[in-house]
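This report goes through one model by region. Keep the sequence and the 3D view side by side while reading.

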Amino acid sequence: MSKRILVVDDDEMMRKLLKDVLAYYNYEIETATNGEEAHRNIAEKIAKTEKLPDMIITDLEMPEMSGEELAEKIGDLNILNGSNIKVILMSGNHDELHRIEKSAIRKNIDLFIQKPLSPSRFLVEVENLLQ
């Protein structure tokens with residue numbers, strides 16, 4: 001069974017790029033435009049007892065709910081439901097990414113990736129986290 005990944009980014013081109021690359025490698029992909037939409041998607045899956053994503057790949061800076069806030073909520077869901085949704089946080093803002101890496105929320109984020117992405121490194125990191 002292929003792994004499910006939820007890609008969350010307010011940049012349509014980035015969402016499409018990640019979706020296309022990951023789908024090419026046989027991952028099941030869903031997308032959301034911000035953290036609020038992603039959180040709602042997961043809450044609906046829990047309510048319907050549907051399969052949750054194995055991983056969330058999210059941008060840091062988005063409207064309505066940031067990737068940082070989403071990671072915190074996913075950490076809470078992992079604890080409450082006994083799930084183990086992996087979270088990759090991406091950002092082009094090196095200073096913000098570094099700040100979050102050093103903060104307490106770090107425990108809910110499995111990997112930080114600086115944009116622009118190296119596709120080959122990105123795929124290796126995704127595969128490693130999902131094993």
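## Basis

This is a predicted model, in which local features need pLDDT of at least 70, side-chain atom pairs count only at pLDDT 80 or more, and totals for chains, interfaces and linings use all residues. Residues are numbered from 1 along each chain as its sequence is written, and side-chain values use heavy atoms, with hydrogens and water left out.

Helices (H or I, at least four residues) and strands (E, at least two) are DSSP runs, numbered from the N terminus. Buried means under 20% relative accessible area, exposed over 50%, and partly exposed in between (1.4 Å probe, protein chains only). Contact means heavy atoms within 4.5 Å.

## Nonpolar cores

A nonpolar core is a set of buried Ala, Val, Leu, Ile, Met, Phe, Trp, Tyr and Cys residues joined through side-chain atoms within 4.5 Å. The largest one has 21 residues. Leu6, Val8, Ile42, Ile56, Leu70, Ile74 and Leu89 have the most contacts inside it. Strand E1 (4-8), helix H2 (35-47), helix H3 (67-81), strand E4 (86-91) and helix H4 (94-102) each give two or more residues to this core. H3 gives the most, with 4 residues.

Take leucine 70. Beyond its neighbours within four places in sequence, leucine 70 contacts Val8, Gly35, Ala38, His39, Ile56, Thr58 and Met65.

## Helix H2

The 13 residues of H2 should span 18 Å at 1.5 Å a residue, and the end C-alpha atoms are 18 Å apart, which agrees. The expected span is 1.5 Å times one less than the number of residues. Buried in H2 are Gly35, Ala38, Asn41, Ile42 and Lys45. They cover an arc of only 125 degrees around the axis, so they sit on the same side of H2. The arc is that of the directions from the helix axis to the C-beta atoms. Their cover includes E1, strand E2 (28-32), strand E3 (55-59) and H3.

Lysine 45 counts as buried because its relative accessibility is 10%. Leaving aside neighbours within four places in sequence, lysine 45 touches Glu30, Glu50, Lys51, Leu52 and Pro53. At the N-terminal end, asparagine 34 caps H2, with a side-chain oxygen 2.9 Å from the backbone nitrogen of glutamate 36.

## Phenylalanine 122

Phenylalanine 122 is in helix H5 (residues 119-130). At 4% relative accessibility, phenylalanine 122 is buried. Residues up to four places away aside, phenylalanine 122 touches Leu18, Leu22, Ile57, Ile113 and Leu117. Leucine 22 is 100 residues away along the chain, yet the two C-alpha atoms are separated by 10.0 Å.

## Backbone exceptions

Most residues other than glycine have a negative phi, and most peptide bonds are trans. Asparagine 26 has a positive phi of about 70 degrees although it is not a glycine. Asparagine 26 lies in the loop between helix H1 (12-24) and E2, and is exposed at 60% relative accessibility. Threonine 49 lies in the loop between H2 and E3. Threonine 49 is exposed too, with a relative accessible area of 72%.

Lysine 115 and proline 116 are joined by a cis peptide bond, with omega about 0 degrees. Proline 116 is in the loop between strand E5 (111-114) and H5.

Terms used: A polar contact is a pair of N or O atoms within 3.5 Å; within protein, one must be able to donate a hydrogen and the other to accept it, and residues adjacent in sequence count only if both atoms are side-chain atoms.
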